[in-house]
Structure formats: structure tokens, C-alpha cells
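Subject: Structure for your review

Dear colleague,

Please find the structure below, together with a summary of what was found in it.

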Amino acid sequence: LRAEIDAVSVVNSVSWVIGPSGVGKTVLVAQWALRKDAAYVNARGLSLRQLLGRMVAGLTSSDSVETPISVEDGIEALRLVWNAKARWPLVIDDPMEIAELVGIFDTLKNEFSASKVVVATRDSHRFAEQPAQISIPLLDSEEVETWRKSYAIQKGALAPRPDGTLRPIDVRKVVAASVAPPETIFKEVEGVQQSSRIREMLAFLVRSPEPLSLDDLMQLSASSDARAVEIDEALLSLKSVVVNDGLGYRIVHEELGGDLSNALAARKGLDRFVSLRLGQLFSKTRRHLSAFIVYRPFDSDKALKSAQRAARQMAVEGRLAQSIPALEFVAEYHRENALRFDLAFDLLALHQSYDAAGRPNDAKMALSDARGCAEATNDKELLQVIDDQILVQQVRHQLKPTDLEALREIRKRYKDQGREQEAARLAIEESAILISINDGEGAVPILRDALTTFETTGDRYGAYVAIRNLISSLSMTPEGQPEAEQLLIKLD
């Protein structure tokens, strides 16, 4: 199948890997991307705006991921990096909005003819030409029998469909259960040949919200003398349930992961031990969102601290949509403890994150609730901040000349008050609006000012966005194109 992807992707700018859930698409394309040193984007659950931001980050090998203000802004950002310097091929796994994505590929096809994109999706569709599709089939009856013999599975243990086909994940689940059923795999039961190290490694992988590297597993091991080769041997014995897809080790499929998670939950002591160790590792390595997810079920204090750190980290890195679970947790804590002032700021942050995730109704509700909290505290400065955000939201979604002028007044007020970074962020908002109405000339001076502020304060993410928008603005006129090309080199 990897050879098929090689062959199809050579002659097509966009290739499609298609197959139902459980046939191994993710493992296939992730390992193919690793072999090709390609940009890999896990698109599960992402809105189109979020996906565009991830695509830009992948093509530029950037750790910073910005969710664009609009789909149009995201397409323009993608256009800027859709060139020979990008990290091709681009692999997109399980996107939701296929029709819109195809339209974007059509829009960009004349930008760089040598672009290569591979998309893995569950369903066949009318948008791709048949030669550009690679179908990942179910195992046929002969292949099922071959797998059964290969894994020494007893006859009758597999339950093929009426036509004799079966998903690979169904075979893996039977193999896993034959080695140790989920209800006993985490127990020391007579006749179940699982060492404590194997049970421990599997538990870490089951409970971790992200793939774990070999180095992660070495740090997590309770044995101080744990060696990489010993852990690797333990993982090898779990090959029917564990896979390394290039991002790290993880359970091979969510269905199997759910069964194992329920089995682990029955061993409360082991579950708490591995969760505590994972939380400590993620906190130590500044993976605060994963630390929050791990701590949340059993330690609300640690979960709260991790959630607050995760929200700040996601904001700095521009991953606003990913911060939603952490922000909701913090907001609920402040709501339960009647801390209205803190809750108002939580809701303001949630408003921005909901907006970035393409949830405008939730964003509007959060902003309304934030104003209610501000009114209850009778804090005039807080009320002004919220009213400013209401105006920004209004300008973003239904532009009127009077609203744009009001936005400029807010930016000027922030500068006069010494709130330089807030003024610079509003400048980014204003520039995006100006670019959307083809007023690049008007956007250039405010972006130069914002860039100076971000560079002075060491805000690398803000500087990145300012440079990117400045390139878009300068590219609108022949006079600005030479400078835009120089800035593109700087951005790279």
C-alpha cells in the first residue's frame, strides 16, 4: 500500500487514501509521512479554519499554530507558503469538510504545480478522480484465514461479516484478548503471562492522551534501571495492540483503547499510579494540556493548576481552540466559588477560543455571560474591556465603516494607556479586516507599528502573525512586492 501511495502521489497533486474505520488508514499514512519526512496533520475534529492553521504550520515546520480569523484569511496564509520551500508532501488525516478542502486545493493549484497532498478519509466521494484514489479494503476471506494462522488464532474465534470480510482491528482485538483478555490484562492472574513491566507500559499508553516516545516511557518506568532495550522488548510483546506511527507509541485503535481503558479503570491503584506518573511527566515537560486531561479525574487541585497553565500556553502558541476544555474547567471552578471577576476573564478567553473553533453562538454567549459578571462586580474597567471585545466581535462578523472607526479608537486608547501589546493585537484584527476588503495600503502602517511592538516585547507568535499579514498587504501592490519577498525569507 505504501508503494501505491508513492506511485499515485507522484503523478497527482492531491491523492486520496480511502477506507472504513479500523482498516489502518492512520497508521499507514502516518508511517508513510514519517518515511517521506512529510508534514502530517491529524485533522480529526478540526474546523476548516483550524485545519488551515495546522496546514500552514505543517508546511513551514512551525511549532506555532495560528487559527486564522476567517477561512479567507486562512486560505491567504496558505497561499503564502504554497511554494517550493514548503515541506512537501502534506498529509492530512481524516478531515471533516472535504468539499471545502477540495475547493481550496482547486484555488491553489496554479500557485505551485509541484505541490503534493495526500488525504486519508473514511468515505469515497465524488470530488476525486478515480486514478487518484487508493482504496484500503477490508480483509477478504483468504486474508482473514492467513491472519488467523499467522497469529495462531483458533478456528471460530474470528467473526467475519456475511461476505467473509473483516477489519484488521477486529483481528487485533481477538489477538489481544487471546494473549490476555481486557478484564485480566492488568491483573496478576495465574495463566496470564504478562510481566509487571508489560502491564505498566500498556497502562501508560492506555491512559496517555498523546503518543509517548521511548524516552517518555523510560522516564515513566518505576524501575530506576529501566533500559531502552528492555522497554522496547516489552513494547514488542504488545505489537498486536500497540503501534508506533511516527508520532510515538499509542494504542492501535480507539475501539481497542476503550476496552483497555475500562479494564484499567477497574484496577484503581494501578490507574492512579500511572495517571500520577503521566501527570508529573507532562507537567515537567510543559505539556500542560495533557497533564490537565490526566489529572482531571482524580486530583482537582492539580487539574486546576494544569488547566490554567495550559490555557496560557495555548494562547501564547496560538492554539486557542485546543484550550477550550481547560478554560471551561477553570471557568466552572470560578463559577462554583462565586469568583465573578475571575470568571469574567475566563469567559472572555473562552469567547476568543470558541470563535477560533468556529463556534460563534458559544462565543457570543460567553461574551454575554462575561458582561453579566462584570456588571455584578461593578468594575468599570472590566466592563470597558468587555464592551471593547463586543465591538471587535461585531466588526469581525458584520463589518460597518462606523464599527471599524470605533475599533481604531479603541486601539488608540490602548496605546495612550500604555497597553502596547493589546493595541498591537487590535492592529492585527484591523489589518485582517482591511486585507479582506483589499485595502492593503491602509494595513501596512499599522502592521509595521504592531511588528515593532511584538519584536520589542519578545512576542514571537505576534511577530509571526504581523509579518504574515504584512506580506499579504504589501503583495497587493507592485511597489510592495519586493519587500514582501524579503519578509517571506525572514518568515521562513
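The notes that follow cover a sheet and then a helix.

This is a predicted model, in which local features need pLDDT of at least 70 and side-chain atom pairs count only at pLDDT 80 or more, while totals for chains, interfaces and linings use all residues. Residues are numbered from 1 along each chain as its sequence is written, and side-chain values use heavy atoms, leaving out hydrogens and water.

The sheet is open and has 5 strands in the order 2-3-4-1-5, with parallel pairing. Strands (E, at least two residues) and helices (H or I, at least four) are DSSP runs numbered from the N terminus; two strands pair if DSSP finds at least two bridges between them. At the edges lie strand 2 (39-42) and strand 5 (133-135), each of which pairs on one side only. Strand 1 (residues 14-18) pairs with strand 4 (residues 117-121) in the parallel sense over 5 bridges; S15 has V118 of strand 4 as its bridge partner.

Turning to the helix, helix 10 (residues 228-236) has the buried residues I231, A234 and L235 (buried is under 20% relative accessible area, exposed over 50%, partly exposed in between, with a 1.4 Å probe and protein chains only). Seen down the axis of helix 10, these fall within an arc of 100°, so they line one face of the helix; the arc is that of the directions from the helix axis to the C-beta atoms. The face turned away from the buried side of helix 10 carries the exposed residues V229, E233 and L236.

Yours sincerely
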